[in-house]
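Open the model in your viewer and keep the selection tool at hand. Each stop names what to select and then says what is there.

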There are 2 protein chains.
Amino acid sequence: MSYTVEIIGVGTELLLGNTVNTDAQDVSQVLCDLGFNVHFHTVVGDNAERLNNAVDIAKKRADIIITTGGLGPTYDDLTKQTLAEAFGKKLIFNEDVANQIMAFFAKRLPTMKMTENNLQQAQLPEGCIIFDNGVGTAPGCAFEAEGKHILMLPGPPRECRAMLKSCVEPYLKKLSEAEIHSHNIHIFGLGESAVEENLRELMQSLKNPTLAPYAKDGEVMLRLTAKARTKEEAETLMSPVLAKVHEVLGDIIYGIDTHSLEHTVFKLLTEHNLTVSAAESCTGGLLSKRLTDIPGISNVFKGSIVAYNKQSKSLLLGVSPELIKEKHAVSREVALAMADGARLKFDSDIGIAITGIAGPESDHSGQPPGTVFVALTTKDHSFCRTPHLFHDRERIRIGCANHALDMIRRLLTGVNVEL
Amino acid sequence: MSYTVEIIGVGTELLLGNTVNTDAQDVSQVLCDLGFNVHFHTVVGDNAERLNNAVDIAKKRADIIITTGGLGPTYDDLTKQTLAEAFGKKLIFNEDVANQIMAFFAKRLPTMKMTENNLQQAQLPEGCIIFDNGVGTAPGCAFEAEGKHILMLPGPPRECRAMLKSCVEPYLKKLSEAEIHSHNIHIFGLGESAVEENLRELMQSLKNPTLAPYAKDGEVMLRLTAKARTKEEAETLMSPVLAKVHEVLGDIIYGIDTHSLEHTVFKLLTEHNLTVSAAESCTGGLLSKRLTDIPGISNVFKGSIVAYNKQSKSLLLGVSPELIKEKHAVSREVALAMADGARLKFDSDIGIAITGIAGPESDHSGQPPGTVFVALTTKDHSFCRTPHLFHDRERIRIGCANHALDMIRRLLTGVNVEL
């Protein structure tokens, strides 16, 4: 059978918008990887009546109910009481858990007095399986009742994540028959609706595996997911679809199961033993920031000059003031000269440069926001792209950095660099 | 009357754990600030039947239903159809919206073919108020039916946030009897628990206004919120509390109702008619990126040199190789020399430099991640801070940039720069 799951987050702080419900994401990821169908997330405050209402509804539409939060020692922590009552279970004081809580305080918080209410955390539903909390005091638990599985996890994300790994995964694996495996197909150079249009027939024809697009920061990701008894079976199901997607989309696919464009570029530069440096105008350091998010990139990325005014383009990158005057700071010629400037100043194999108008205003020459030039030069070659970017300042800047990274990727994989 | 609200997030990617439901947080914050009671969040996939089920439940327990997501052009975007049907409304093709979508494509995506399915976004429930989407194509909308208010917002967080501000706030303000006014007090230099400890008695004693702390990216924000019939009344309630907070926290408050540390620095540099330039090592462009997020900053920010290896520190910033050898690249002396280097190369009034170990590994000298030096020099003065930073690479880098910005702020407001 295929189990359906509802995740109930308990905590008024979520409803006030003080915190974001990362627990639901963490639990969902684990569940989906194990082949369970998460159909609903619900969030409810620290309020017994409304929590009861949520549990009543979840009972009717899910086989497994997983709660996060409300297991702590304070008076508004109501999850165990409410869930136990909803399923006709008593809470029973567990000596072992009480001793563990006291030991935790003695060891980790010797200067802090343990208050009586901490022992409330040792009250657990009769007959439950206890989930040890490796990083906090509130234990989780699981019990079966009325044909349902009820799992309760602590709210603090660190504690919830640790318990998912150590207790929930083993518990659920025993219930699961099928495994879920997936591949993420990363695309740059085509919008979400165009990707979908190219693949619509394929997507709609698929049942297992499934294929779905996600758009983020100017990129598109396709997620291919198969359900099968083994990893091998899942791969056998996915492999013809993967081949078909490759056939349709070609070299706009920059990676399968990779982290990001910058990680792809890092890997390629390392493989080719080449170095890069950058000259950034409108992106103002964003490209360098993204590259240096990656630990260890100093082996292939030498640095960047953020030349945020015309004077700096000449002073620091050696672009001739005459060229800037003649061609304008936002032009193909200046972009290429900036790339050469960065490459020579840093003594790197590849120079990459971005100059453009990020907006919201046009520059004095009247060129509109989104006018950008991205240049790449090596000792022997030079390329320049003039992508059409739009939306707001932030997205234009992200788009510029994406194009710069994509040009490096294309250079190093031997496909058309300028598009 | 006091309205209760349910927020329904629509999107299978949320149930798969691919994305976290930040929309629910953003909507909740706006609603709470306006005095509405958010009682439930629900998340449901791109599935008409289950969305219907969620809407049926929400109808029974909320006065206002706000959906996020599922307004896009693809076949699995079902929100409008499902909500309209649930409340007995027809979808009607709106010519104006269709024209707007076509104009959006013509202007911003001239090279991209608009596909037919984009016009599906112009189908809207009869009699609804249209919420313009300032940053994307899918409009939102609101309608009243069966005594309920239904609001539909786009899923991409950027579009959702923009629409909350421009359309949802004005719409909901009309429903609310009392006005809510608030001030955001921005703090840098003290952790959330220390801020809370200093202010706990005050916070606990308050009913109206209320005062609550939020921590993010190494900063703390206090939100002071008053409910009153008029703005003046609200201000009268808040003003003594604001004075008290100033008295307790002093110059670690960097702004009231400001955007960010970088906006504060931009304002101060502009007022003093001074320029700054930067030399970045471990932050790799993050400081420059944050400064250049602000339109118009080129008047006061000249640029940055990202010197990501030792060689670049000498080649581009003129730091002597002997000094680097003697004192180590991550040292007070090198940080100060880098600041001078940036200041002289860019010919700016202030030079700011960051060198440190962002991790996750120690460098070869054995200094642990989080060892950082942030230096500021002018023609006449030089300062260096060595903050203790910890957690992960990302947070260490953000912390470095925060300290650099805070040093500029303190220099320009005449308070102790080094802390």
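**Stop 1: the core.** This is a predicted model. Begin with its largest nonpolar core, which has 41 residues. Select Ile305(A), Leu317(A), Met338(A), Ile305(B), Leu317(B) and Met338(B): these have the most contacts inside the core.

Hide its neighbours within four places in sequence. Among the residues still in contact with Met338(B) are Ala279(B), Glu280(B) and Ser281(B). Leu317(B) is also in contact with Met338(B), and so are Ala353(B), Ile354(B) and Thr355(B).

Stop 2: Switch to a cartoon view. How many strands form this open sheet? Count 10, in the order S17(A)-S16(A)-S15(A)-S13(A)-S14(A)-S14(B)-S13(B)-S15(B)-S16(B)-S17(B). The pairing is mixed. At the edges are strand S17 (382-385) of chain A and strand S17 (382-385) of chain B, and each pairs on one side only. From one strand to the next, the twist averages 10°.

S16(A) and S17(A) pair in the antiparallel sense, over four bridges. Select Thr377(A); the bridge partner of Thr377(A) in S17(A) is Ser382(A).

Then move to chain B and select helix H14 (residues 393-413). H14(B) lies across strand S13 (276-280), S15, S16 and S17 of chain B. H14(B) runs at about 25° to S16(B).

**Stop 3: where the chains meet.** Give each chain its own colour. In chain A, 72 residues are in contact with 74 residues of chain B. The area buried between the two chains is about 6,000 Å². Carbon and sulfur atoms give 56% of that area. Which residues of chain A lose the most area to chain B? Select Leu15(A), His41(A) and Tyr308(A): together they account for 9% of what that side buries.

**Stop 4: the four-strand sheet in chain B.** Here the order is S10-S11-S9-S12, in an open sheet with antiparallel pairing. Why is one side of S10(B) and of S12(B) left without a neighbour in the sheet? Strand S10 (210-216) and strand S12 (253-256) stand at the edges, so each has a single partner strand. The twist averages 25° from one strand to the next.

Zoom in on S10(B) and strand S11 (residues 219-228) of chain B. Seven bridges join them, and they run antiparallel. Select Leu211(B); the bridge partner of Leu211(B) in S11(B) is Leu224(B). Now show helix H8 (residues 231-249) of chain B, which packs on the sheet. H8(B) touches strand S9 (179-187), S10, S11 and S12 of chain B. The direction of H8(B) makes about 150° with that of S11(B).

Then select Gly189(B), in the loop between S9 and H7 of chain B. Gly189(B) has 40% relative accessibility, so it counts as partly exposed.

Stop 5: Most residues other than glycine have a negative phi, and most peptide bonds are trans. Look for the exceptions.

- Asn208(B) and Pro209(B) are joined by a cis peptide bond, with omega about 10°. Pro209(B) is in the loop between helix H7 (192-205) and S10 of chain B.
- Gly359(B) and Pro360(B) are also joined by a cis peptide bond. Pro360(B) is in the loop between strand S15 (350-356) and strand S16 (372-377) of chain B.
- His328(A) has a positive phi of about 85°. Buried or exposed? His328(A) counts as buried, because its relative accessibility is 16%.
- Asp347(A) has a positive phi of about 55°. Asp347(A) is in the loop between H13 and strand S15 (350-356) of chain A.

Technical notes
Residues are numbered from 1 along each chain as its sequence is written. Chains are lettered from A and ligands numbered from 1 in the order in which they are written. This is a predicted model: local features need pLDDT of at least 70, side-chain atom pairs count only at pLDDT 80 or more; totals for chains, interfaces and linings use all residues. Side-chain values use heavy atoms; hydrogens and water are left out. Two strands pair if DSSP finds at least two bridges between them. Helices (H or I, at least four residues) and strands (E, at least two) are DSSP runs, numbered from the N terminus. Axes are lines fitted to C-alpha atoms, for helices over the stretch in contact, and angles run from 0 to 180 degrees between N-to-C directions. Contact means heavy atoms within 4.5 Å. Buried means under 20% relative accessible area, exposed over 50%, partly exposed in between (1.4 Å probe, protein chains only). A nonpolar core is a set of buried Ala, Val, Leu, Ile, Met, Phe, Trp, Tyr and Cys residues joined through side-chain atoms within 4.5 Å. Buried area is the accessible area (1.4 Å probe) that two parts lose on being put together, summed over both.
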